[in-house]
Amino acid sequence: SSGSVGSLIVSSGGFQVDFDWVAPILTTGDWVSWNVGFSQGAEPTVRVNEAQTDFGILFRGNGGTQYFDNGSANTGGNFTATSVARHVTLNYNFSSWADGSVVTVTASVDGTPVLGSGQTFAWDNNTGGVSFELGTNEADAGTRIDNFTITAVPEPSAVFLSGLAALVAMGRRRRVS
């Protein structure tokens, strides 16, 4: 969270995580999880519901989700269960890495929101650094993750301007035709 990358993420307003996931078995017991905000100590058996994990979310093979704020469990939304690749997107918006700073997270699977309009949590006990972890629990060794990226969230004004530029370019192209 320090250095140029941490500063870029804060100045952008947060970060986005994307990945594709294939779950060959469509049960509640098979899942992938994404976890943020924990100190570097002894690794727990399961990170997602560990009390020291600021926020974790399970994406279950059967299309259900469950999220955890420092170990407190909540039920999230559902998505279509399928054995083909699913695209997961998580957006984390915040203005500081400091302990106590509020973070809003949204999540979707194949464009279906699974955290409604977003959930909030706070960074805490991270001692100046924030760790991330992608976890899995599977009965079948066929679970696959692909196309994993973490990017700074573009500022709304930058998104607006690039969208406006695309519309202007389309308008010009139509007039020339």
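**Exercise 1. Find which residues Ile57 touches, not counting residues up to four places away in sequence.**

*Solution.* Start with the term: contact means heavy atoms within 4.5 Å. Next, go through the partners of Ile57: Val32, Ser33, Trp34, Asn35, Val48, Gln66, Tyr67, Leu90, Ala107, Val114 and Leu115.

A note before you go on: this is a predicted model, where local features need pLDDT of at least 70, side-chain atom pairs count only at pLDDT 80 or more, and totals for chains, interfaces and linings use all residues. Residues are numbered from 1 along each chain as its sequence is written, and side-chain values use heavy atoms, leaving out hydrogens and water.

**Exercise 2. Decide whether Ser131 is buried or exposed, and locate it.**

*Solution.* Second, apply the cut-offs: buried is under 20% relative accessible area, exposed over 50%, and partly exposed in between (1.4 Å probe, protein chains only). Ser131 has 13% relative accessibility, so it counts as buried. Third, look at its surroundings: beyond neighbours within four places in sequence, Ser131 contacts Asn35, Val36, Gly37, Phe38 and Gln40. Its side chain also reaches the backbone oxygen of Phe38 at 3.4 Å.

**Exercise 3. Work out what share of the chain is buried, and how far apart its contacts reach.**

*Solution.* Begin with burial: 37% of the 177 residues are buried. Then take contacts between residues at least 6 apart in sequence: 61% of these join residues at least 24 apart.

Terms used: Polar contact = N/O pair within 3.5 Å; in protein donor to acceptor, adjacent residues only side chain to side chain.
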